[in-house]
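Trainee: I have a new model open. Can you show me how to read its features one by one?
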Amino acid sequence: MMHYLEHKKDGKENFMAVKLDMSKAHDRVEWSFIEKVMEKMGFHEKWIKLIMKCISTVSYSVIINGAVHGCILPTRGLRQGDPLSPYLFLLCVDGFSSLIKDATRNQSLSGVSICRRCPMVTHLFFADDSLLFCKANEQECHKLIEMLELYEVASG
């Protein structure tokens, strides 16, 4: 599986960066996950109810030959173009960030350091892209896969 990982003779460790494209995550995120993240972050109950109402009361219709047909009621996902979506996406990735921080604290995942005595960088999040940094060894690769699978199950 990891044939490219060879230990150097000089004792230096190898590191890797993993780029994730989260652009389709908007379409699949479970609404209950967003609600749980907001509860965990300490949002007020009224605010949570308001946000949940905003994302869960949407409906779609299809226009065929100029006539409106049907009423589609989604059960999950965030609407692209909705002014709330970028903020809700930030809440979602905060859940993933917490998993990474826990793994770092438990020393089952390391980041990279650009120079001595500077902080380790474990992850960087941009709009729809995420960069994860860790040692290029079997243990940390397995931990990364475990965290991604856990995040997938939790977020939908």
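Mentor: Start with the helices. Helix α4 passes helix α5 in a right-handed crossing. Right-handed means that the near helix is turned clockwise from the far one by less than a right angle, left-handed that it is turned anticlockwise. Helices (H or I, at least four residues) and strands (E, at least two) are DSSP runs, numbered from the N terminus. This is a predicted model: local features need pLDDT of at least 70, side-chain atom pairs count only at pLDDT 80 or more, and totals for chains, interfaces and linings use all residues. Residues are numbered from 1 along each chain as its sequence is written, and side-chain values use heavy atoms, with hydrogens and water left out.

Trainee: At what angle do α4 and α5 pack, and how far apart are their axes?
Mentor: Axes are lines fitted to C-alpha atoms, for helices over the stretch in contact, and angles run from 0 to 180 degrees between N-to-C directions. Here α4 (residues 85-105) and α5 (residues 138-155) pack at about 150 degrees, with axes 10 Å apart.

Trainee: Which residues make the contact of α4 with α5?
Mentor: Contact means heavy atoms within 4.5 Å. From α4 come Cys92, Val93, Gly95, Phe96, Leu99, Ile100 and Ala103. From α5 come Lys143, Met147, Leu148, Leu150 and Tyr151. Ten of these residues are nonpolar, one is polar and one is charged.

Trainee: What does Lys143 touch beyond its neighbours within four places in sequence?
Mentor: Lys143 is in contact with Ala103 and Ser108. Lys143 and Ala103 are 40 residues apart in sequence, yet 8.0 Å apart in space, C-alpha to C-alpha.

Trainee: Now the sheet. What is the strand order?
Mentor: Two strands pair if DSSP finds at least two bridges between them. An open sheet of three strands runs β1-β5-β4, with antiparallel pairing. β1 (15-21) and β4 (123-125) stand at the edges with a single partner strand each, so one side of each has no neighbour in the sheet. The twist averages 10 degrees from one strand to the next. α4 packs on this sheet and touches β1, β4 and β5; its direction makes about 175 degrees with that of β4.

Trainee: How many bridges join β4 to β5?
Mentor: Three, with β5 spanning residues 129-135. His123 has Leu132 in β5 as its bridge partner. Side chains in a regular strand alternate between the two faces of the sheet.

Trainee: Is Ser97 buried or exposed?
Mentor: Buried means under 20% relative accessible area, exposed over 50%, partly exposed in between (1.4 Å probe, protein chains only). Ser97 is buried, at 7%. This α4 residue is in contact with His123 and Phe125, leaving aside neighbours within four places in sequence.

Trainee: Where is the hairpin?
Mentor: β2 and β3 form it, with two residues between them. Asn65 in the turn has a positive phi of about 50 degrees. β2 (residues 60-64) pairs with β3 in the antiparallel sense over four bridges. Tyr60 stands opposite Ile72 in β3. The number of buried residues among the six of β3 (residues 67-72) is zero, so this strand lies largely in the open.

Trainee: How many disulfides are there?
Mentor: A disulfide is a pair of cysteine sulfur atoms within 2.5 Å. The count is zero. For Cys141, the nearest cysteine sulfur, that of Cys134, is 5.6 Å away. Cys141 is buried at 6% relative accessibility, while Cys54 is partly exposed at 32%.

Terms used: Ala, Val, Leu, Ile, Met, Phe, Trp, Tyr, Cys and Pro count as nonpolar, Asp, Glu, Lys and Arg as charged, and the others, Gly among them, as polar.
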